[in-house]
Amino acid sequence: MSNPRSVPGPDEACDLERGDDKPGRMRKLWQRYGDCYRVHSQTRAADTWVINHPDWVKRVLVSNHRNYVKGVGIERVRVLLGNGIMASEGERWRRQRRMLQSAFHRARIEGLFGIWLRQAVALAERWQAAARAGEAVDVSAAVSETTLRAVLEALFSEDLDALERAHGGNPFLLVSSEGRRDLQFAVRFRALGRLVLELAGRRRRERRFPPDLLSHCLQVRDKSTGEAMPERLLVDEILTLVVAGHETTAAALNWVWYLLASHPQVYERVSEEGRLLDPGQVPDWSRLESLQWIPRVIQEALRLYPPGWLYTRRALEADRFGDYRLPAGSDVFICSYLLHRHPDYWERPDEFLPQRFAPQQAAQRHPYAYIPFSAGPRHCIGETFAMSEMMVHVAVLAARLRFQAPAGGPVALEADVNLRPREHLWLRPALWQ
Ligand code: HEM
């Protein structure tokens, strides 16, 4: 039994929760110390184990997942999410997952197709107008607004317009318009909980339950106790879905458009396939399922730039990674951004090659070398939602316009809760001739 190699510390260079360019610093440490190393965090006065091997990823997220709680990463966002499904643990989490799961089954997701199509068409019209005027568009702002709208419509459906009328605009817009995630933001965001309770109260009084996520949360019962969701938890779950369902998808779409604009040949293929979905604008799920190239492009973007780029866990009891013994209470970090570029599992790892997600190639890969939606019981509940929404968005927009290659060098990363471009991404749209 041995200890993993330890980065000599403590010093600033080892504090992975602070400072700029965390992925860059983690890459250097990985190149120097390998797939398992230990650093000392000054912030927490504790050791963190960083693992970058898919076998051990499987151990933490899947085969021994009961031994791990979320730890550092979730402590930072708990003030926003309360005890919602993302932040809860143990039996309480299992109950919440059971209650929410059926709302994310494919049959329910299919009902959202029309919303995504409508939004994509509206955005395409805006970007086509910009193309005619020869103007660049703020892609980051647009995808943030559109993914926020998508999740709000999935949550509140017919009540969203009424909410906007009553408040002279969309009260949830601060989620997309404000980049900061500090205490001030948290206070304003949590205040939105009052609106959720008002809406819930009105629906109960009117006995009106349109088929959306809010109605699901109001009507679902805990299978073992038969109890409804308590009010406080209802607020936490709805606010969790607003954040989880919007920021990750928005981050991913930034990268999709950046990569597509930088690879015109791939773009052409995407555009051709997008036309299969677009012409009639009739929501038709089977057409979505027939797409091949567009999902591969999205998967490849999620490989190179996974929005959830760093998973944090804390071991309840001691554990083992191969020869290494992990002490109880240790923090464990899994950096999907680096795992997805591990040269033992990916050929030409830093290149954008969507064809690597063709079924035969994908089947040959280690199943835990690719985890953009995590793995095991706590994997993303919204994966089908997110993938389908992004496919509709990309298909409709790419069929109608293209982007000129972005000027300048590679986009700088902001690796905070999500991995996104540090500055807003501006691109110049053009119409297909
Ligand atoms: C590209 C889009 C998305 C990505 C990359 C993504 C990624 C992830 C990841 C990596 C986790 C696990 C985090 C961890 O274990 O620490 C997660 C959990 C979660 N995601 Fe997503 N997500 C996306 C979209 C969505 C959407 C659209 C929704 C809902 C509408 C959603 C709802 C959730 C929830 C509720 C959890 C917590 C699940 C649990 O703990 O049981 N996500 N997501």
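In this predicted model, 25 residues surround the ligand, and the closest are Trp93, Arg97, Arg313, Arg378 and Cys380; a residue is near the ligand if one of its heavy atoms lies within 4 Å of it. Residues are numbered from 1 along each chain as its sequence is written. Local features need pLDDT of at least 70 and side-chain atom pairs count only at pLDDT 80 or more, while totals for chains, interfaces and linings use all residues, and side-chain values use heavy atoms, with hydrogens and water left out.

Polar contacts come next (pairs of N or O atoms within 3.5 Å). An oxygen atom of the ligand is 2.7 Å from an N or O atom in the side chain of Arg313, and an oxygen atom of the ligand is 3.0 Å from an N or O atom in the side chain of Arg378. The backbone takes part too: a polar backbone atom of Ile85 is 3.5 Å from an oxygen atom of the ligand. Two or more residues of the shell are given by each of α4 (90–101), α13 (231–262), β6 (310–315) and α19 (383–400), where helices (H or I, at least four residues) and strands (E, at least two) are DSSP runs, numbered from the N terminus. The largest share, six residues, comes from α13. By class, the shell has 16 nonpolar, five polar and four charged residues; Ala, Val, Leu, Ile, Met, Phe, Trp, Tyr, Cys and Pro count as nonpolar, Asp, Glu, Lys and Arg as charged, and the others, Gly among them, as polar.

Phe185, Ala186 and Phe189 of α10 are buried, meaning under 20% relative accessible area, with exposed being over 50% and partly exposed in between (1.4 Å probe, protein chains only). Seen down the axis of α10, these buried residues fall within an arc of 100°, so they line one face of the helix; the arc is that of the directions from the helix axis to the C-beta atoms. Leu183, Gln184 and Val187, on the other side of α10, are exposed. The buried residues of α10 pack against α3 (72–81), α9 (174–177), α11 (193–206) and α13.

Now to a strand. Five of the six residues of β2 (residues 36–41) are buried, so this strand is largely enclosed by the rest of the structure. Six bridges join β2 to β3 (residues 46–51), and the two run antiparallel; strands pair if DSSP finds at least two bridges between them. Cys36 stands opposite Ile51 in β3.

How values were computed:
Polar contact = N/O pair within 3.5 Å; in protein donor to acceptor, adjacent residues only side chain to side chain. Contact = heavy atoms within 4.5 Å.
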